[in-house]
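This report is an introduction for a reader meeting the model for the first time.

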Amino acid sequence: MIKGNFIDNLPKVYGIYTGGFLAFIIIMSIAEQMGMTAKTIGICFVAFTVAIYAIIGYLSRTAQADAYYVAGRQVPTVFNGMATAADWMSGASFVAMAGGIYFKGYGYMALLVGWTGGYVLVASLLAPYLRKFGCYTVPDFIGTRYGGNLSRFMAVVVLTVASFTYVTAQINATGTIASVALDIPFQYAVYVGLISILLCSMLGGMRGVTWTQVAQYIVLIIAYLLPVFWISNKMGAGFFPHFMLADEVSRIAELEAQFGFVKNSAENLKEVPKGLAGITKAHSAVNATPWAFISLALAMMMGTASLPHVMMRYFTTPSVKAARKSVGWSLFFIFLLYSSAPMLATLSKLSLIDPSLPTGIIGKSIAEVQSIDWYQNWNQANLMFVSDFNGNGTLELNEFFMGGKAVVLATPEIAGLPYVISGLVAAGGMAAAMSTADGLILAIANAISHDVYYKIIDPKAETAKRLVVARVLLVVIGFAGATIAALEIQGILGSVIWAFDFAMSGLFFPLVLGVWWKRANKEGAIAGMFLGLVSGAAYLVWVRTGGSGFLGITQLTFGIFGSAVSLVAMVVVSLMTQAPNAATQKMVDEVRVPAGKSILGKQH
Amino acid sequence: MSKQEQHWEKSKGLLMMTLAIWFVFSIGIFLFGAEMNEVTGPFGYPLTYWFTCQGSLGIFVLLIFWFANRQEKIDEEFGFSERGDD
């Protein structure tokens, strides 16, 4: 069924797969009617989908370097778009984004704008040119364009710092979902998640990851959109929520004005379990300063263009032209989920706070709320909490607390959807976290195996040996990530945002100027990567240890400082040292033209 | 000017135009976020809120496809497009 003209059969193969998945959902909902327990349904969903990914991973096994590193450069634009969307949308996007919008409103929306706007930079500044270059990894481009082992090595360092920060959060997310769905302790669930991740990527490298990511995208987008549409229809909010929730948005504003945002005393807040928050920010009003919004959006956009696990997806397209188009498709598939998250946040918030809706709990008596089934479930899961601070017996807006994840996880249950939807959402979250973790671990392992081992340490190594090294590194890095994830140091979102800042601090300008400024040379690039990363990291440490920061740059936007230092260092050092030689200049000229051979050979 | 230089000049022009549109919808309009939110936007949402939920995001999608098509035209014009694949 696979092999041979597999590529020509892609629409058919994934069409059957999608149909099969929908049939599976229907079978599960029939099983639920017949009395299957919620727990069994959750296990079925996660186990079934992970098994499918593992099978795809096995079928994609390969012994060729270009298949392992860049999926043989034959992934069609639309499918590469789906794979990139899955690669991109992490467990955080899936589980935490709607929650972030729900609690923080406008200030958080900067992330949506940033995480999509960055793709314009990817498409126009970088992806097509790096595709023409024909590199296997991002450091491969830096190393060849600027020359020398040191520049290559510095790029590997930046890549590893950024991606590793990111990957621990993803492994953490797979662990959280596996622990809930399979009902096992988190410390073990992390390793269950890790093994699932490695099953996709070990045998087939980039090829395996590509075809599992497409499958994971299909699962995660169904799992996200189906509940949003269903809830909207069930609430009578509108058949197509994206175009029809204006009344609901203004109703929330009305209720906010009616209830007011009462500030709780510090003493009262001590009662609230860690990680839960109340509604303290307006839903649709602009409540952040322009610079706070713009700086966060800008940091995320430049970070997007510097994250190697995204960039390397565009190395897999058949041509430069396809790489450009593929960025558009990627963003389209991302848009489907991102534009739905605010709608889910709106529906979730209104269903909880509107006293005129049957699900609304604000204004009910505390005792009544505490006796609701779903409240008890999510209170037990440590995601919901109410307390009668003012002692009047009824629940006020400021007395209701919820975890960010609950918006995605609990809203279907609150709206009265069958449990099968909750199982589906668990499978979607798992798909989102796994696909991103796979991309990241592969990016790190490939950079170390290709750029450090093959290009620097042992350039004579045979393909078989290179691929063994690549796979060993994959496992080692995966376990290192899982071990750190098991320690639970940072919240999911905190470390995700840092990854963008690290990446932009060290890599944005060395990458962009490598294509767009011929005069950029090795010394400049090394200075740019090194000083950018170090100054960005130093700023983060300074702010985290009580530093006041400057220009409104926070620990979430430290990349703005890092990349500014990187730019200045790179330009100054480049101009102070010799211009790149004629061969390098000619190479840059060739990169700028889509036609002709790639700079690096097919197998290198 | 050689063919290659002309091609690059045109490509740079397209880049500048793309980045200008990108700048307006990712940064420019949010300088006036509070003022714009007083206006009712598409589908009845407050305007700035709409841009952050759908507007800017959708414009970026269209912008990338537009950019890709324009760049292809430029490549074809100078005979620099790749042969035989899509």
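## Strand pairing

Two strands are taken to pair if DSSP finds at least two bridges between them. In this predicted model, strands E2(A) and E3(A) run antiparallel and are joined by three bridges, one of the paired positions being A:Met384, whose bridge partner in E3(A) is A:Met402.

Strand E3 of chain A, which covers residues 400–403, also pairs with E1(A), again in the antiparallel sense and over two bridges. Here A:Leu276 has A:Gly403 as its bridge partner in E3(A), while A:Ala277 stands opposite A:Met402 of that strand. Taken together, the three strands form an open sheet in chain A with the order E1-E3-E2 and antiparallel pairing. The edges of the sheet are strand E1 (276–277) and strand E2 (384–386) of chain A, each of which pairs on one side only.

## Chain A as a whole

Besides its three strands, chain A contains 26 helices. Its C-alpha trace spans about 80 × 60 × 40 Å along the principal axes.

Of the 604 residues of chain A, 57% count as buried. Among the contacts in this chain between residues at least 6 apart in sequence, 83% join residues that are at least 24 apart.

## Confidence in chain A

The average pLDDT of chain A is 88, and 98% of the residues score at least 70. Within the chain, confidence is lowest in helix H13 (residues 266–271), with a mean of 83, and highest in helix H25 (residues 558–576), with 95.

## A largely enclosed helix

Helix H16 of chain A, made up of the 19 residues 320–338, reaches 27 Å from its first C-alpha to its last, which is close to the 27 Å expected at 1.5 Å a residue. Because 17 of its 19 residues are buried, H16(A) is largely enclosed by the rest of the structure.

A:Ala447 is found in helix H21 of chain A, which runs over residues 419–457. A residue counts as buried if 20 or more other C-beta atoms lie within 10 Å of its own, and A:Ala447 is therefore buried, since it has 27 other C-beta atoms within 10 Å.

When its neighbours within four places in sequence are left aside, A:Ala447 is in contact with A:Thr137, A:Pro139, A:Val156 and A:Leu159. A:Ser201 lies 246 residues from A:Ala447 in sequence, and the two are 15 Å apart in space, C-alpha to C-alpha.

## Where chain B touches chain A

The two chains meet through 41 residues of chain B, which are in contact with 43 residues of chain A. On the side of chain B that touches chain A, the elements giving two or more residues are helix H1 (3–26), helix H2 (33–36) and helix H3 (47–77) of chain B. Helix H3(B) provides the largest share of this side, with 18 residues. By residue class, the side of chain B that touches chain A divides into 22 nonpolar, 14 polar and five charged residues.

Technical notes:
Residues numbered from 1 in each chain as written. Chains lettered and ligands numbered in written order. Predicted model: local features only at pLDDT ≥ 70, side-chain atom pairs only at ≥ 80, totals over all residues. Helix = DSSP H or I, 4+ residues; strand = E, 2+ residues; numbered from the N terminus. Contact = placed C-beta atoms within 7 Å. Nonpolar A, V, L, I, M, F, W, Y, C, P; charged D, E, K, R; others polar. Buried ≥ 20, exposed ≤ 12 C-beta atoms within 10 Å, placed from the backbone. Expected span 1.5 Å × (residues − 1). pLDDT = per-residue confidence, 0-100.
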